[in-house]
Amino acid sequence: MIDIRKDDNSSALELISELESMENDVCNISIIFAEMLKDEINANDEEQLFSDIKKIINKYSDDMNALSLLNEFTEAVTGGATMLEILQITRDEAKSPSAATDITVSKDCNIH
């Protein structure tokens, strides 16, 4: 796993540059990237994922640039949905689950 922190920005830029230069020779590099990202997301525990997202939003709640970045990243990963939209849909589904949510989400706990 690659850990990108503030002091690692140049490393991330170097990796992006290297990957961009590989794109001509490795035609499916975007698919490889997408699969690696999906694998990492799927490997994450759902409760931990939600907890970490809440921490990030609370930590940067006064920083509009950081929240804008979070939304931009979320839109890129989801193909258009913002974090706010996902949170609103989560709230709505928790209050009144759709048929799809009823089928796919465990009812083993109380949703408040």
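## Overall architecture

How many helices and how many strands make up the secondary structure of the protein? The secondary structure comes to 6 helices and 0 strands, where helices (H or I, at least four residues) and strands (E, at least two) are DSSP runs numbered from the N terminus. Read along the sequence, the elements follow the pattern α-α-α-α-α-α. The model is a predicted one, in which local features need pLDDT of at least 70 and side-chain atom pairs count only at pLDDT 80 or more, while totals for chains, interfaces and linings use all residues. Residues are numbered from 1 along each chain as its sequence is written, and side-chain values use heavy atoms, with hydrogens and water left out.

Of the 112 residues in the protein, 8% are buried; buried means under 20% relative accessible area, exposed means over 50%, and partly exposed lies in between, with a 1.4 Å probe and protein chains only. The protein exposes about 9,700 Å², and carbon and sulfur atoms supply 56% of that area; accessible areas come from the Shrake-Rupley method with a 1.4 Å probe, and for residues only the protein chains shown count as cover. Among contacts between residues at least 6 apart in sequence, 19% join residues at least 24 apart, a contact being heavy atoms within 4.5 Å.

With a relative accessible area of 11%, I29 is buried, and, leaving aside neighbours within four places in sequence, I29 is in contact with L19, M22 and E23. The C-alpha atoms of I29 and L19, which are 10 residues apart along the chain, are separated by 7.8 Å. S30 is also placed in helix α2, but S30 counts as partly exposed at 48% relative accessibility, and its C-alpha atom is separated by 9.9 Å from that of E20, 10 residues apart along the chain.

Within helix α2, K38 and E35 lie 3 residues apart, about one turn of the helix. An α-helix has 3.6 residues a turn, so residues three or four places apart point the same way. K38 and E35 form a salt bridge whose closest N and O atoms are 2.9 Å apart; a salt bridge is a side-chain nitrogen of Lys or Arg within 4 Å of a carboxyl oxygen of Asp or Glu. K38 is partly exposed, with a relative accessible area of 43%, and E35 counts as partly exposed at 34% relative accessibility.

## Helix α3 and its cap

Helix α3 spans residues 46–59, and at 1.5 Å a residue its 14 residues should span 20 Å, which agrees with the 20 Å between its end C-alpha atoms; the expected span is 1.5 Å times one less than the number of residues. The N-terminal end of α3 is capped by D45, a side-chain oxygen of which lies 3.1 Å from the backbone nitrogen of E47.

Which residues does T74 touch, not counting residues up to four places away in sequence? T74 touches A81, T82, M83 and I86. T74 is placed in helix α4 (residues 64–78) and counts as buried at 6% relative accessibility. A polar atom of the T74 side chain lies 2.7 Å from the backbone oxygen of L70.

T82 lies in the loop between α4 and α5 (83–95), where T82 counts as buried at 17% relative accessibility. Leaving aside neighbours within four places in sequence, T82 is in contact with N71, T74 and E75.

## Surface features

A nonpolar patch on the surface is formed by I41, L49, F73 and V77, with about 340 Å² of accessible area together. Patches are made of residues with over 30% relative accessible area and no salt bridge, like charges being joined within 9 Å and nonpolar side chains (Val, Leu, Ile, Met, Phe, Trp, Tyr) within 5 Å.

A search of the whole structure finds 2 salt bridges. Besides the K38 and E35 pair, the side chains of D92 and R91 meet in a salt bridge at 3.1 Å, N to O. D92 counts as partly exposed at 39% relative accessibility, and R91 is partly exposed with a relative accessible area of 43%.

Methods:
A polar contact is a pair of N or O atoms within 3.5 Å; within protein, one must be able to donate a hydrogen and the other to accept it, and residues adjacent in sequence count only if both atoms are side-chain atoms.
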